[in-house]
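Dear colleague,

Please find the structure below, handed over for your own work. My findings follow it.

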Amino acid sequence: MTASARPSEAIIIAGERVVCDPRGVLYMPDMELLVVSDLHLEKGSSFARRGSLLPPYDTAATLQRLQAVIADYAPKRVVSLGDSFHDGEGAARLPEIFRLRLEALMEGRDWYWVAGNHDPQPPDGLSGRTVRQIAIGGLTFRHEPSAHPIEGEIAGHLHPCARIVQRGRSVRRRCFASDGSRVVMPAFGAYTGSLNVLDRVYHGMFSWPDFRAYMLGSSRIFAIAGSLLRPG
């Protein structure tokens, strides 16, 4: 790929240093704060209730990845940016083994569940604090991004991805979408899809000359200018 390729990419958003990790999380070292978005836990069981069978391994896979990230950063605070569960009853369906694993991850740190469109109510029987949005430092964390340019917003919901074509080969990856003023985060959940940042849904959200798609590689971040991106 063209442009920079690093294990992680540090950017400045509203005066705050934010590290984009290739596993799809943000870390703010000055605040010891980890941010993850769109876990969609229990998506497999949600589909099964409606008669569409998916392999029932999404929660296990997502929590395993989340556990590894938390072990690496040891954050004092964690913000889960909404749609943490695939539906309002997802937390209640959570098998006890996963409930205990999640509680262990929350132990000893401040944990914020941002309400999402899939899970607007607090997760049943779990620790942590549920908020509509939360401001920490110069940043505001919410689930759905504002439709107009805004300074210091960290949001999820749209599951951004980007596509480039290089030497005749098409590469499509999840990404962090940012113009230096705000960030829309990739979905973290094992069964989540993605939406190209060139889709009309994103129009008007970013200053396009400053836009970068921070594409997730297997072990590094690729910072790609908007002019290099392709639809699809």
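This is a predicted model: local features need pLDDT of at least 70, side-chain atom pairs count only at pLDDT 80 or more; totals for chains, interfaces and linings use all residues.

Residues are numbered from 1 along each chain as its sequence is written, and side-chain values use heavy atoms, with hydrogens and water left out.

Open sheet

Seven strands form an open sheet with mixed pairing, in the order E2-E3-E4-E5-E6-E7-E8. Strands (E, at least two residues) and helices (H or I, at least four) are DSSP runs numbered from the N terminus, and two strands pair if DSSP finds at least two bridges between them. At the edges are strand E2 (9-13) and strand E8 (129-131), each pairing on one side only. On average, neighbouring strands of this sheet are turned by 25° against each other, direction ignored. Axes here are lines fitted to C-alpha atoms, for helices over the stretch in contact, and angles run from 0 to 180 degrees between N-to-C directions. Within the sheet, strand E5 (residues 33-36) and strand E6 (residues 77-80) run parallel and are joined by four bridges; valine 35 has valine 79 in E6 as its bridge partner. H2 lies across strand E4 (26-28), E5 and E7, and runs at about 160° to E5.

Helix H4

In helix H4 (residues 96-106), the buried residues (under 20% relative accessible area; exposed is over 50%, partly exposed in between; 1.4 Å probe, protein chains only) are Phe98, Arg99, Leu102, Leu105 and Met106. They lie on the same side of H4 because they cover an arc of only 120° around the axis, the arc being that of the directions from the helix axis to the C-beta atoms. Ile97 and Leu100, on the other side of H4, are exposed. The buried residues of H4 pack against helix H2 (58-73), helix H3 (90-93) and strand E7 (110-114), where contact means heavy atoms within 4.5 Å. Glycine 108, which follows H4, has a positive phi near 80°.

Nonpolar cores

A nonpolar core is a set of buried Ala, Val, Leu, Ile, Met, Phe, Trp, Tyr and Cys residues joined through side-chain atoms within 4.5 Å. The largest has 26 residues, of which Leu26, Met28, Val35, Val79, Phe141, Ile154 and Phe176 touch the most other members. Another core, of 22 residues, lies apart from it and includes Leu39, Leu63, Leu105 and Met106.

Cysteines and strand E13

The structure holds zero disulfides, a disulfide being a pair of cysteine sulfur atoms within 2.5 Å. The sulfur of cysteine 20 is too far for a bond, because the closest cysteine sulfur, in cysteine 175, is 9.9 Å away. Cysteine 161 is in no disulfide either, with the nearest cysteine sulfur, that of cysteine 175, 6.4 Å away. At 0% relative accessibility, cysteine 161 counts as buried.

Strand E12 (residues 160-166) and strand E13 (residues 169-178) run antiparallel, joined by six bridges, and cysteine 161 stands opposite arginine 174 in E13. The two strands form a hairpin with two residues between them, and arginine 167 in the turn has a positive phi of about 55°. Four bridges also join E13 to the antiparallel strand E16 (residues 212-216), where methionine 215 stands opposite cysteine 175.

Kind regards
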